[in-house]
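Please view the model below before reading on.

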Amino acid sequence: MIYLDQAASSFPKPESVVRAVTNCLLQVGANPGRSAHRLSLQAARLVFEARESLAQLFGVSESRRILFTSGATEALNLALLGLLQPGDHAVVSSMEHNAVMRPLRYLQESRQVAVTTVQTDTSGRIDPLDLRAALTSSTKLVVVQHASNVAGVLQPLADIKRAIGDIVLLVDAAQSAGAVPIQFDREGIDLLVFSGHKTLLGPQGTGGLILRDGISPEPLIRGGTGSRSESDQQPDFLPDRYESGTPNTPGIAGLGAAAEFILKQSIETIAQKLKAQAGQMLQGLQAIPKVRVVGPGLSDLVLPVVSFVVEGMAPSEVGRLLDQRYQILVRAGLHCAPAAHTTLGTFPQGTVRFSAGFFNSSAEIEEAISALREIVLGSS
Amino acid sequence: MTGQSRILLLFQSIHQVLGAEKLLKGQGIWCDLVPTPKEISSNCGMSLTVLESDRCRLEPLKEKLQWTSMLPHGSERTSSSSTCPSNDA
């Protein structure tokens, strides 16, 4: 079996991640920080150390600014619903995932938030000057993805920050965290959303939001925090303000191990491998007749996430044949990003998406390309 | 460690308690996690106890450790308040 759906969820996970999750379930088990006994403290240390490892990975000086959520979707909802008030204006690119677009549409319809969508070019790349041109006196937030889940294009964050100046920048790094170097403090990002289970190689059910000092969205969820327990008011200090209820401790233990794995490999090594895979995938697909690849060209493609359409075949049919005949697993359709497909010219039919990751080999990518070639040529 | 005077450090949250524990252990300064005494009102149910004799080693770390209060801990108290040597000694 060849798993090329890494953009949906990374698989397999590093062995150390599996061990960390299992160890937590078998040996630790308690509720972190709520009780004073040694297992509760051990669980609290697991969560604390995971935060510290992620702080090191993302270049965040205070690890309490990293808030754990159930995933990137919850983190995006926290950021968007927590920051945007009636009368505010938000600027977003035309390549965003539904985890960005659906909360924004809700805010537009129910909270009198104005939203401007800025068109990217047909390869999906944002022009920072177009973002700047969309700013108004009521703009409170600019939201951009770091990398597209449909076409692997990487957005120029430094140029974007420079172009928008003081306006708060929210970066959705669901497809790039752990795969591309990010230095949160240094790069002037105000809010960063990350997913635990994609390029970070951690378990599903983890992710988070990183907040710059001074950025304080309203919490999405309130409840018990194990702190200031004599009060029924939500604490205002970090991370407790945004972490009510029992966390996904086994998941976070795994996420901590994943962050350590990436730090040990070095993110530059990982990025290099992924860039090579991207090139191999793009060139291999472009060489197959009747296959039309969408998104950026070779020089701009940084991540091995490539979408294409096959002339005369529905994407779902291609995906089905790859799975059934060759045990090659990919994702066909709209990838929860109708906006991106509209931009790339593949709406409403969608595309087939090959997405590789750190644990895929170049032999696997080669085999997938050969299999696709057989399917395409066999269908004529 | 029995028989020696101790100091209690209070913090805002378990996150800061654990951060302080990590920092102190990294500096080779003994500390222990203890339940915050009930008669002391605190945000966090856990506190750190440190040896009174290490008080001077704590002062330079004050900004990093971010304790909210520093109190004598336990029944043994020093009879005079100790001061740390100044830096230009």
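## Interface and strands of chain B

In this predicted model, 15 residues of chain B are in contact with 18 residues of chain A. The size of an interface is often given as the accessible area lost when the parts come together. Here the two chains, B and A, bury about 1,400 Å² between them, and 57% of that area lies on carbon and sulfur atoms. Of the area that chain B buries against chain A, 39% is supplied by B:His15, B:Leu18 and B:Asn43, more than by any other three residues.

Three salt bridges are counted between chain B and chain A. One of them joins the side chains of B:Glu21 and A:Arg45, at 2.9 Å from N to O. Two elements of chain B, α1 (14–26) and β2 (31–35), each give two or more residues to the side that touches chain A. The largest share of that side, seven residues, comes from α1(B). By type, the residues on this side of chain B are five nonpolar, eight polar and two charged.

Strand β3 (residues 46–51) of chain B is mostly covered, with six of its six residues buried. In a regular strand the side chains alternate between the two faces of the sheet. On one side of β3(B) are B:Met46, B:Leu48 and B:Val50, on the other B:Ser47, B:Thr49 and B:Leu51, and all are buried.

| Strand paired with β3(B) | Sense | Bridges |
|---|---|---|
| β1(B) (residues 6–10) | antiparallel | four bridges |
| β2(B) | antiparallel | five bridges |

Within these pairings, B:Ile7 stands opposite B:Val50, and B:Asp32 has B:Thr49 as its bridge partner.

Technical notes: Residues are numbered from 1 along each chain as its sequence is written. Chains are lettered from A and ligands numbered from 1 in the order in which they are written. This is a predicted model: local features need pLDDT of at least 70, side-chain atom pairs count only at pLDDT 80 or more; totals for chains, interfaces and linings use all residues. Side-chain values use heavy atoms; hydrogens and water are left out. Contact means heavy atoms within 4.5 Å. Buried area is the accessible area (1.4 Å probe) that two parts lose on being put together, summed over both. A salt bridge is a side-chain nitrogen of Lys or Arg within 4 Å of a carboxyl oxygen of Asp or Glu. Ala, Val, Leu, Ile, Met, Phe, Trp, Tyr, Cys and Pro count as nonpolar, Asp, Glu, Lys and Arg as charged, and the others, Gly among them, as polar. Buried means under 20% relative accessible area, exposed over 50%, partly exposed in between (1.4 Å probe, protein chains only). Two strands pair if DSSP finds at least two bridges between them.
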